[in-house]
Amino acid sequence: MREITSWNRPFQVRQYSVSHSTLLLRGHRPDLYDTRIDVLFPAVTLMHLKPSYRQLSIHEANEQERREILGDDTALNLSHGLLFLLNDGEGYVHAASCSWHQDEGDHRAPSRFGPLPGTA
């Protein structure tokens, strides 16, 4: 597995847009941190998540881990995209990519990634 990034702060599922299959996780605790971190997964085809995490590490699964979690992915049409493991497999997201941005926005401010289409 290849480490993408990690943070020792809480994160929660912030938004998921069904129309564009886009997932946004947000790390924000104004009582503990001066910044927030948004993590974006576009073109999500499969996910297994908890509503929140005390910390977040993201790794790209290797072929063996991918087979162990997804099995025969041809039945699920998961031949394109990458499998990202959250906290060493505590959760996972199969998506086109993973990107993040850190800024000084508050919890309710729109993400740098813009409003997610198909969400209120």
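This is a predicted model: local features need pLDDT of at least 70, side-chain atom pairs count only at pLDDT 80 or more; totals for chains, interfaces and linings use all residues.

User: What elements does the protein chain have, and how do they run from the N terminus on?

Analyst: The protein chain has ten strands and one helix. From the N terminus on, the order reads β-β-β-β-β-β-β-α-β-β-β.

User: What makes the radius of gyration agree with a compact globule?

Analyst: Take the rule first: 2.2 Å times the number of residues to the power 0.38. With 120 residues, that puts a compact globule near 14 Å, and the protein chain has 14 Å, so the two agree. For the outline, the C-alpha atoms fill a box of roughly 45 × 30 × 20 Å along the principal axes.

User: Why is strand β8 called mostly covered?

Analyst: A residue counts as buried under 20% relative accessible area. In β8, residues 82-86, four of the five residues pass that test, hence "mostly covered". Across the protein chain, buried residues make up 40% of the 120 residues.

User: How do you know that β8 pairs with β7 and β9?

Analyst: Count bridges: two strands pair if there are at least two between them. Strand β7 (residues 56-60) and β8 have three bridges, so they qualify, and they run antiparallel. One of the links is E60, whose bridge partner in β8 is F84. On to β9 (residues 91-95): β8 and β9 share five bridges, so they qualify too, again in the antiparallel sense. Here L85 has Y92 as its bridge partner in β9.

User: What sits between β8 and β9 in their hairpin?

Analyst: There are four residues between the strands, and N87 in this hairpin takes a positive phi near 50°.

User: Why are β6 and β10 said to stand at the edges?

Analyst: Look at the open sheet of five strands, in the order β6-β2-β3-β4-β10, with antiparallel pairing. β6 (52-53) and β10 (99-103) each have a single partner strand, so one side of each is left without a neighbour in the sheet. For β10, strand β4 (residues 36-41) pairs with it over five bridges, and D38 has H101 as its bridge partner there.

User: How many charged side chains are there, and how far apart do the centres of the two sets lie?

Analyst: There are 12 positive and 15 negative side chains, and the two centres lie 6 Å apart. As for the surface, the protein chain exposes about 6900 Å², with 48% of it supplied by carbon and sulfur atoms.

Methods:
Residues are numbered from 1 along each chain as its sequence is written. Side-chain values use heavy atoms; hydrogens and water are left out. Buried means under 20% relative accessible area, exposed over 50%, partly exposed in between (1.4 Å probe, protein chains only). Helices (H or I, at least four residues) and strands (E, at least two) are DSSP runs, numbered from the N terminus. Accessible areas come from the Shrake-Rupley method with a 1.4 Å probe; for residues, only the protein chains shown count as cover. Lys and Arg count as positive and Asp and Glu as negative; His and the chain ends are not counted. The place of a charge is taken as NZ of Lys, CZ of Arg, CG of Asp or CD of Glu.
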